[in-house]
Each structure stands twice: as C-alpha cells, then as structure tokens.
Amino acid sequence: MTVLPRVADYRPHRTVPDIDLEGHVVPGLTGEFFRRPDGDRVATVGLYRYRGAELFMAWGFVGEAHCRWTAYRGEDGWTAPHEGCPRVRREAGTLLVDTGRARIALPVQAASPEAAWPEHADARPGPAGSDVGAVALTAVHDGSHPAVSGSLCATGAGLPG
C-alpha cells in the first residue's frame, strides 16, 4: 500500500482543459500535471477534475509505461490507492469511471468520426468481478506523466507547453 502524494510537494508542469481521450473530448475534465525530482528519477502526479470537482489522481514516475497508483475522490475524501491506472471503460457516448464506491459517467464528444473508438478497443481488466477496465489510449511522447504510456495516466501529454 502507498500513501497519496502531496501535490504541494510537486511543481506544476501543465494544465490541460477538456482533455481529449483517444479522439473523444471530455468537456469539463481538466488534468493538472505536477513533477518533482526523486533521486535519479522524476516523480509525477496527475490530478483530474471534472467541472472543478476533484475526481481522481494517478501517479508514478516519468518514463514508466503506466501509472503506479490511482485514488478517487468521494464525498468522504480520497479512496485508498489501488495499483495501476484509473478504472475506466467506455459505454455509449460516455466514459465510466469506477471509483470502487460509485460509477461516474462522463459525457464525451468525438473529435472526429475517424477517431471514434472501435468496437474491439483494447481494455485492461480492473479488479476481479468489476467488469471495468482501464481504456488503452493513444501513446504519448513528451513525458508529462508516465512516458509513452498509452494509458489514461498520460492524458494531456503531447500538447505544446
């Protein structure tokens, strides 16, 4: 088990409003990305807000393929962290975020018809019996969060800045 990162211990790296997730813009979902040196590595955390309310945070190290940990914000505070990327799946025009306590539906709008998710979209399974997976996303190459991750954790990277 790990503890939640203290965002105040990191320096701001980038803020991305209305994040585009594999060709689907999620209006109102903003990612704030932070970094700090950690020995010979760079620790990174992404804090995701939907219409101003904290939704989840994911963290790890720049250069790792995926997020090490994720926690979700609920009415009574942050959940205990779970290993890996946020538990997200797509369903009929929405992204469903499974916080372990609730499923939150985020509306998406396609950036272009060609970018729409194919029916055979690759998903990594979530916890046993959850029927929720983390959606594999387009690879990212600037290292805002874990580099070239192809995971939700890397959302927002690849943009100028």
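Mentor: Let us begin with β10 and strand β11 (residues 94-98), which run antiparallel and are joined by four bridges. Strands here are DSSP runs of type E with at least two residues, numbered from the N terminus, and two strands pair if DSSP finds at least two bridges between them. This is a predicted model, in which local features need pLDDT of at least 70 and side-chain atom pairs count only at pLDDT 80 or more, while totals for chains, interfaces and linings use all residues. Residues are numbered from 1 along each chain as its sequence is written, and side-chain values use heavy atoms, with hydrogens and water left out.

Trainee: Which residue is the bridge partner of R89 in β11, and which is that of R90?

Mentor: R89 has L96 as its bridge partner, and R90 has L95.

Trainee: What does the hairpin of β10 and β11 look like?

Mentor: Two residues lie between the strands of that hairpin, and A92 takes a positive phi near 40° there.

Trainee: What is the strand order in the open sheet?

Mentor: The order is β10-β11-β12, an open sheet of three strands with antiparallel pairing. β10 (88-91) and β12 (103-107) each have a single partner strand and stand at the edges, so one side of each is left without a neighbour in the sheet. From one strand to the next the twist averages 30°, with axes taken as lines fitted to C-alpha atoms and angles running from 0 to 180 degrees between N-to-C directions.

Trainee: Is β11 enclosed or open to the outside?

Mentor: β11 is largely enclosed by the rest of the structure, because five of its five residues are buried; buried means under 20% relative accessible area, exposed means over 50%, and partly exposed lies in between, with a 1.4 Å probe and protein chains only. In a regular strand the side chains alternate between the two faces of the sheet. In β11, T94, L96 and D98 point one way while L95 and V97 point the other way, and all are buried.

Trainee: Changing topic, which strands pair with β7?

Mentor: Strand β6 (residues 53-61) pairs with strand β7 (residues 69-74) in the antiparallel sense over four bridges, and W59 has W69 of β7 as its bridge partner. β7 also pairs with strand β9 (residues 82-83) in the antiparallel sense over two bridges, where T70 has H82 as its partner. Strand β8 (residues 77-78) is likewise antiparallel to β7, over two bridges, with R73 opposite W78, and a hairpin joins β7 to β8 through two residues.

Trainee: How many aromatic pairs does the structure hold?

Mentor: It holds three aromatic pairs. Rings of Phe, Tyr and Trp (its six-membered ring) pair if their centres lie within 6.5 Å, and planes under 30 degrees apart count as stacked, over 60 as edge-to-face and the rest as tilted. The rings of F33 and Y48 have centres 5.9 Å apart and planes at 90°, so this pair is edge-to-face. F33 lies in strand β4 (residues 29-38) and Y48 in strand β5 (residues 41-50), so the pair ties together parts that are 15 residues apart in sequence. Both F33 and Y48 are buried, and ring pairs link F33, Y48, F56 and Y72 into a cluster.

Trainee: Where does the charged end of R41 sit?

Mentor: The charged end of R41 sits over the ring of F61, 3.6 Å from its centre; the criterion is NZ of Lys or CZ of Arg within 6 Å of the ring centre and within 35 degrees of the ring normal.

Trainee: And G46, is it buried or exposed?

Mentor: G46, which is found in strand β5, is buried, with a relative accessible area of 0%. G46 and C67 are 21 residues apart in sequence, and their C-alpha atoms are 9.6 Å apart in space.

Trainee: How many helices and strands are there in the chain?

Mentor: The chain has zero helices (which would be H or I runs of at least four residues) and 15 strands, and of its 161 residues 48% count as buried.
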